[in-house]
Each structure stands twice: as structure tokens, then as C-alpha cells.
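Grab your viewer and work through these exercises one at a time. Try each task before you read its solution.

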Amino acid sequence: METPSPSLVLDRETKASERPGDHKDELRLWLRLLTCSTLIETEIRNRLREEFKTTLPRFDLMAQLEKSTTGMTVGEVSQRLMVSNGNVTAVVAGLLADGLVDKRPAAQDRRVQVLTLTALGRKSFKAMAERHEGWIAELFAGLDQPEIVQLFRLLGQTKSSLHQAIKRRADDAAGRGETA
């Protein structure tokens with residue numbers, strides 16, 4: 001599937017700005033965050049596909065395995081990536097076929113499979129990770145270092161606020177005897 005040019009995409013934030021009086025600041029902020037996240041993710045997906053003939057899920061899975069010295073189970077990878085075991089299994093199948101990942105039975109339970117990067121997988125991931133870091137720097141080049149630090153701090157506060165709101169909702173539901 002071909003990704004439309006950014007100039008042709010009417011993003012959520014732009015659509016909401018057509019009638020700014022209809023939207024509260026919090027909604028507009030959420031739309032801006034969503035738009036930025038989507039733009040970055042789409043660009044990284046495109047660059048990974050064009051330069052390395054790979055996908056973001058493959059890159060993300062390889063990144064998790066690269067951090068591990070002993071390997072990881074499918075369940076561990078799926079927890080870290082916050083996706084289902086089935087999603088991980090499908091990505092692993094392609095990486096196995098390409099010789100980038102190895103799968104072996106766990107010593108403590110031979111029914112459990114441990115995934116590791118092969119030497120080729122480590123070499124491939126290293127090349128992708130170096131380019132990925134450069135792409136991210138390029139995408140944020142319009143911000144100076146103090147702005148990056150400030151934005152990082154503000155997004156940290158935002159993340160904390162989100163966790164607090166989610167916890168309050170869960171606590172309220174538990175107080176009413178509801179299940180989440």
C-alpha cells in the first residue's frame with residue numbers, strides 16, 4: 001500500500017482547526033500529539049521500507065532482541081512491544097526465514113522457545129539502528145536543545161497526568177464494583 005504524500009494528507013489536527021471554537025484546548029492538544037506521532041511513525045516506516053526493505057514491527061522486534069544477551073521468549077517480546085503473541089509469531093516467522101533470528105528450546109522448559117538475533121541479524125539491526133537514530137535527529141532538527149529538553153519534560157508531565165487519570169478511573173470503577 002502506497003503512503004500518500006504529507007501535503008495530500010488532511011490530518012486530524014488540521015481538520016479540527018477548521019472550526020477551532022468547536023474544540024477545547026485539551027482536545028486540540030491531543031490531536032496535535034496524535035498528528036506528530038503519526039507523522040513520525042509514517043516517515044520511519046517509509047524509510048525502513050525504502051532503505052532496508054523491512055517493516056517497523058520487524059525493526060522493533062529486533063531492537064528488543066538486540067538488548068538481550070540471553071534471548072527472549074515470544075511472550076516476553078510481546079509484553080515489551082505491547083502486542084499479542086500472534087503478532088510476534090508472525091513477525092518472527094519472517095525473521096527466521098531471512099536468517100535474522102534463531103529459535104531454540106529454553107533450557108528450563110523445552111516447550112518454550114527462546115529467540116535470539118543471529119550474527120546476520122545483529123549486523124543488520126546495527127545498520128538499521130544507526131540510520132534510525134539519524135532519521136530521528138533529522139526529524140527533530142527544527143528544535144534546538146533547550147526546546148527538546150523542555151518538550152521532553154512536558155511530555156513526561158503529560159504521561160504522568162495520563163497515568164493518574166487512568167488510575168482514578170480504575171479506582172472509581174473498582175469502588176462501584178465494576179471490572180475494567
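This is a predicted model: local features need pLDDT of at least 70, side-chain atom pairs count only at pLDDT 80 or more; totals for chains, interfaces and linings use all residues.

## Helix α5 from both sides

Residues are numbered from 1 along each chain as its sequence is written, and side-chain values use heavy atoms, with hydrogens and water left out.

**Exercise 1.** Work out which residues of α5 are buried, and check the span of the helix.

*Solution.* 
- Step 1: helices (H or I, at least four residues) and strands (E, at least two) are DSSP runs, numbered from the N terminus.
- Step 2: the buried residues in α5 are Val-88, Val-91, Val-92 and Leu-95.
- Step 3: looking down the axis of α5, the buried residues fall within an arc of 105°, so they line one face of the helix. The arc is that of the directions from the helix axis to the C-beta atoms.
- Step 4: α5 (residues 85-97) has 13 residues, which at 1.5 Å a residue should span 18 Å, and its end C-alpha atoms are 18 Å apart, which agrees. The expected span is 1.5 Å times one less than the number of residues.

## The sheet

**Exercise 2.** Find the strand order of the open sheet and say which strands stand at the edges.

*Solution.* 
- Step 1: three strands make up the open sheet, in the order β1-β3-β2, with antiparallel pairing. Two strands pair if DSSP finds at least two bridges between them.
- Step 2: β1 (72-73) and β2 (101-105) each have a single partner strand, so one side of each is left without a neighbour in the sheet.
- Step 3: β2 and β3 (residues 113-117) run antiparallel and are joined by five bridges. As a landmark, look for Val-101 opposite Leu-117 in β3.

## Salt bridges

**Exercise 3.** Take the Arg-28 to Asp-25 pair and the Glu-138 to Arg-47 pair, and work out where in the chain the partners sit.

*Solution.* 
- Step 1: a salt bridge is a side-chain nitrogen of Lys or Arg within 4 Å of a carboxyl oxygen of Asp or Glu. The whole structure has ten of them.
- Step 2: Arg-28 and Asp-25 meet at 2.7 Å, N to O. Both lie in helix α2, three residues apart, about one turn of the helix. An α-helix has 3.6 residues a turn, so residues three or four places apart point the same way.
- Step 3: on accessibility, Arg-28 is partly exposed at 37%, and Asp-25 is exposed at 58%.
- Step 4: Glu-138 and Arg-47 meet at 3.1 Å, N to O. This pair links distant parts of the chain, with Glu-138 in helix α6 (residues 119-139) and Arg-47 in helix α2, 91 residues apart.
- Step 5: Glu-138 is partly exposed at 47%, whereas Arg-47 is buried at 15%.

Note on methods:
Buried means under 20% relative accessible area, exposed over 50%, partly exposed in between (1.4 Å probe, protein chains only).
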